[in-house]
Amino acid sequence: MRKFLLLPRLGNRSLMKSEKKPQFWLDKIAQDIIDRREKLNRKVDVLRVESGIGASGFPHIGSVGDSLRAYGIKLALENLGYKSELIAYSDDRDGLRKIPVGVPKEYSKYIGMPVSEIPDPWGCHSSYGEHISSMLIEALEKLGIEFTFISGTEAYKSGLLDKQISRLLANSGKVDRIIREEVGSSKPEGWVHYWPRCEKCGRIYTTRVIKVIPEESKVIYACDQEFKGIKGCGYVGEASYLRGDGKLSWKGEFAARWAALGIVFEPHGKDITDSFRVNARISREILDYEPPMTVMYEMFLDSTKRKISKSIGNVITPQMWMKFSPPEALRMLMFKRYRSTRSISLQRSPLYINELENGVRKYHNLERIRSERDKMTLKRLMEYTYLMKGVPTPWPYRYTAVLNVVAMLPRDIKFDDLLGVVADLISKYYDIEPKSLLSEEMFRRYVYYARNYVESFGTSEIERIEIDDSLLNAIDSFVKRLKNDMGEEVIQDLAFNTARELRVSVKAFFQAIYMVLLGQPQGPKLGPLLRRIGIDRFKKLYSRSLEEGKIARKR
RNA sequence: GGGCCCGUAGCUCAGAAUGGUAGAGCGCCCGGCUCUUAACCGGGAGGUCGAGGGUUCGAAGCCCUCCGGGCCCGCCA
């Protein structure tokens with residue numbers, strides 16, 4: 001697909017001509033990586049893929065999407081029989097650019113300083129940067145991603161990038177030219193794209209390289225630039241560019257990392273497309289390293305198609321996701337496709353879970369899928385969703401059922417009690433022992449997600465509903481016949497018999513009752529539900545709805 | 001000023017590298033079932049593939065122009 005061939009163009013198309021079989025995108029890219037490796041005659045033991053993890057702003061759902069997709073490629077490469085490793089590279093050498101919400105305003109004094117050298121506002125980690133990246137690491141672990149963590153700061157200090165830095169600085173004129181050709185630059189011509197750290201004020205974004213002295217691996221710099229309203233301290237000094245006394249600008253840093261670590265794949269968001277292009281050229285033309293393959297993924301929008309932004313307050317963090325749906329649902333969403341997964345919304349989490357359940361079920365019924373392509377896509381999607389460790393057999397109950405039950409129960413029940421009650425109801429629903437439900441991890445998680453969902457989003461409010469005359473008569477008659485001492489089965493039978501006797505559609509009859517009861521056209525099995533709610537309470541609810549005009553007669 | 005992405009059924013999107021009878025899921029309509037479920041089974045309606053032009057025996061796809069939506073760069077990443 002042309003999109004991910006954007007950077008490294010595969011020359012030898014005929015190579016693949018014979019294999020016209022459609023492939024899942026992760027498999028396809030992995031195969032391309034292998035083909036290219038042969039072509040470049042690059043012999044390395046471990047094929048490394050990379051995902052950059054931000055350390056300056058709070059992690060959001062898109063951040064883990066990047067890592068997840070990179071991890072998918074790692075799995076795909078291993079699936080082809082190669083060793084692979086995911087590098088999660090923390091950008092904790094980046095300077096602080098702005099103060100995120102929730103961070104003290106005084107922190108503006110740290111603007112322009114590397115986030116790894118700024119104290120942790122929450123006091124639990126050794127630095128601001130470490131705190132932020134630990135949040136992301138935690139999320140990645142919850143998602144079941146295995147990775148090797150590299151701190152940018154450590155990378156610089158250990159000299160990991162020294163060879164590349166030296167080469168970039170020795171060729172700084174060429175670097176500047178490439179940047180100008182690709183994206184332009186407002187800096188004066190001949191600018192050295194490197195940030196020395198000012199030894200006096202500690203900032204990196206207020207400095208300017210005056211001279212590069214390659215023989216001594218150092219630069220002369222002046223701290224006289226302005227960044228975000230912060231003026232440099234005016235200090236002039238010299239700094240070694242080896243062992244971490246500064247930082248490459250993004251116009252070259254990716255390239256240095258790729259070359260130093262031997263990265264063969266790294267996904268990127270739409271917002272840094274240009275950056276990738278510049279780095280690809282720098283990598284190829286200056287560092288003699290053929291840049292990694294990549295995919296460009298879209299930014300996430302919320303359900304109203306607005307850009308996710310902190311100021312609107314519609315940010316979704318991985319932690320928030322985990323409150324409403326399982327990690328595997330997120331993995332499925334991210335693996336499903338890599339571009340145009342445009343909107344995402346926690347309110348739609350029941351949908352995502354439903355999709356997961358459907359996927360699992362279909363996986364065990366692959367022969368039913370007619371189209372070969374769809375069959376292959378679903379098969380691989382589910383295998384990747386479960387990280388190649390095996391797709392579980394479908395569980396016999398559904399999240400929507402759990403959600404319906406939780407939604408109609410009082411909100412103030414303690415969680416443990418809620419579990420019991422829900423297990424009780426669901427067991428009637430699906431004819432499973434409550435005990436075996438309670439022993440299931442997935443079931444407990446479902447109740448947890450459902451409770452959080454109901455707390456955050458509630459259920460649809462009953463507005464005014466119109467019910468057909470004949471249906472309403474049937475419900476009337478059903479309500480009249482209901483007796484306090486009726487058991488679940490009796491109630492259930494009564495509902496069916498009433499509908500049949502009065503010759504109304506059973507389906508419509510049930511839907512109408514659920515509308516009255518829950519404001520939605522379906523719900524848990526009626527008998528147990530009414531038993532649980534209480535016959536009297538149901539009768540009162542019904543007559544009150546009639547009196548208040550919430551239920552109207554449609555003729 | 002420069003650059004990128006997207007536009008295919010009511011909705012979400014496949015299909016585009018390699019041109020060959022327009023697809024799936026959901027929704028909707030009809031029917032079935034041992035008749036509540038974002039459960040199952042069968043069938044159906046629904047698309048000038050954003051517009052126009054070009055190349056071609058043949059274009060959703062390739063080329064050009066335009067329209068619409070979104071994004072990035074010219075601070076930083």
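Two residues are in contact when heavy atoms of theirs lie within 4.5 Å. The exercises below apply this to a predicted model.

**Exercise 1. Placing Asn452**

Task: Determine in which helix Asn452 is found, whether Asn452 is buried or exposed, and which residues Asn452 touches beyond four places away in sequence.

Solution. 
Step 1. Asn452 is found in helix α17, which covers residues 441–457.
Step 2. A residue counts as buried under 20% relative accessible area. Asn452 has a relative accessible area of 8%, and is therefore buried.
Step 3. When residues up to four places away in sequence are not counted, Asn452 touches Lys323 and Phe324.
Step 4. The helix around Asn452 may now be examined. Among the other buried residues of α17 are Met442, Phe443, Arg445, Tyr446 and Val447.

**Exercise 2. The crossing of α11 and α13**

Task: Describe how helix α11 and helix α13 cross, and state which residues meet there.

Solution. 
Step 1. Two packed helices are described by the angle between their axes and the distance between the axes.
Step 2. For α11 (residues 327–336) and α13 (residues 372–385), the axes come within 9 Å and cross at roughly 135°.
Step 3. This angle makes α11 oblique to α13, since angles over 145 degrees would count as roughly antiparallel and those from 65 to 115 as roughly perpendicular.
Step 4. The crossing of the two helices, α11 and α13, is right-handed.
Step 5. On the side of α11, the residues in the contact are Glu328, Arg331, Met332, Phe335 and Lys336; on the side of α13, they are Leu381, Met382, Tyr384 and Thr385. The residues of this contact between α11 and α13 divide into 5 nonpolar, 1 polar and 3 charged.

**Exercise 3. The surroundings of α13**

Task: State how far α13 reaches, which of its residues are buried, and what covers them.

Solution. 
Step 1. With 14 residues, α13 reaches 20 Å from its first C-alpha to its last, close to the 20 Å expected at 1.5 Å a residue.
Step 2. The buried residues in α13 are Met376, Leu378, Arg380, Leu381, Met382, Glu383, Tyr384 and Thr385.
Step 3. The cover over these buried residues of α13 includes α2 (25–40), α3 (61–79), α11 and α12 (349–363).

**Exercise 4. Positive phi values**

Task: Locate Leu387 and Ser217, and state the phi of Leu387 and of Ser217.

Solution. 
Step 1. Most residues other than glycine have a negative phi.
Step 2. Leu387 has a positive phi of about 50° although it is not a glycine. Leu387 lies in the loop between α13 and α14, just after α13.
Step 3. At 6% relative accessibility, Leu387 counts as buried.
Step 4. Ser217, also a residue other than glycine, has a positive phi near 50°. Its place is in the loop between β5 (208–213) and β6 (218–222).
Step 5. Ser217 has a relative accessible area of 17% and is therefore buried.

**Exercise 5. The crossing of α8 and α9**

Task: Describe how helix α8 and helix α9 cross.

Solution. 
Step 1. The axes of α8 (residues 250–261) and α9 (residues 273–285) come within 8 Å and cross at roughly 55°.
Step 2. That angle makes α8 oblique to α9.
Step 3. The crossing of α8 and α9 is right-handed.
Step 4. The residues of the contact of α8 with α9 divide into 8 nonpolar, 4 polar and 2 charged.

Terms used:
Residues are numbered from 1 along each chain as its sequence is written. Chains are lettered from A and ligands numbered from 1 in the order in which they are written. This is a predicted model: local features need pLDDT of at least 70, side-chain atom pairs count only at pLDDT 80 or more; totals for chains, interfaces and linings use all residues. Side-chain values use heavy atoms; hydrogens and water are left out. Axes are lines fitted to C-alpha atoms, for helices over the stretch in contact, and angles run from 0 to 180 degrees between N-to-C directions. Helices (H or I, at least four residues) and strands (E, at least two) are DSSP runs, numbered from the N terminus. Angles under 35 degrees count as roughly parallel, over 145 as roughly antiparallel, 65 to 115 as roughly perpendicular and the rest as oblique. A crossing is left-handed if the near helix is turned anticlockwise from the far one by less than a right angle, and right-handed if clockwise. Ala, Val, Leu, Ile, Met, Phe, Trp, Tyr, Cys and Pro count as nonpolar, Asp, Glu, Lys and Arg as charged, and the others, Gly among them, as polar. The expected span of a helix is 1.5 Å times one less than its number of residues. Buried means under 20% relative accessible area, exposed over 50%, partly exposed in between (1.4 Å probe, protein chains only).
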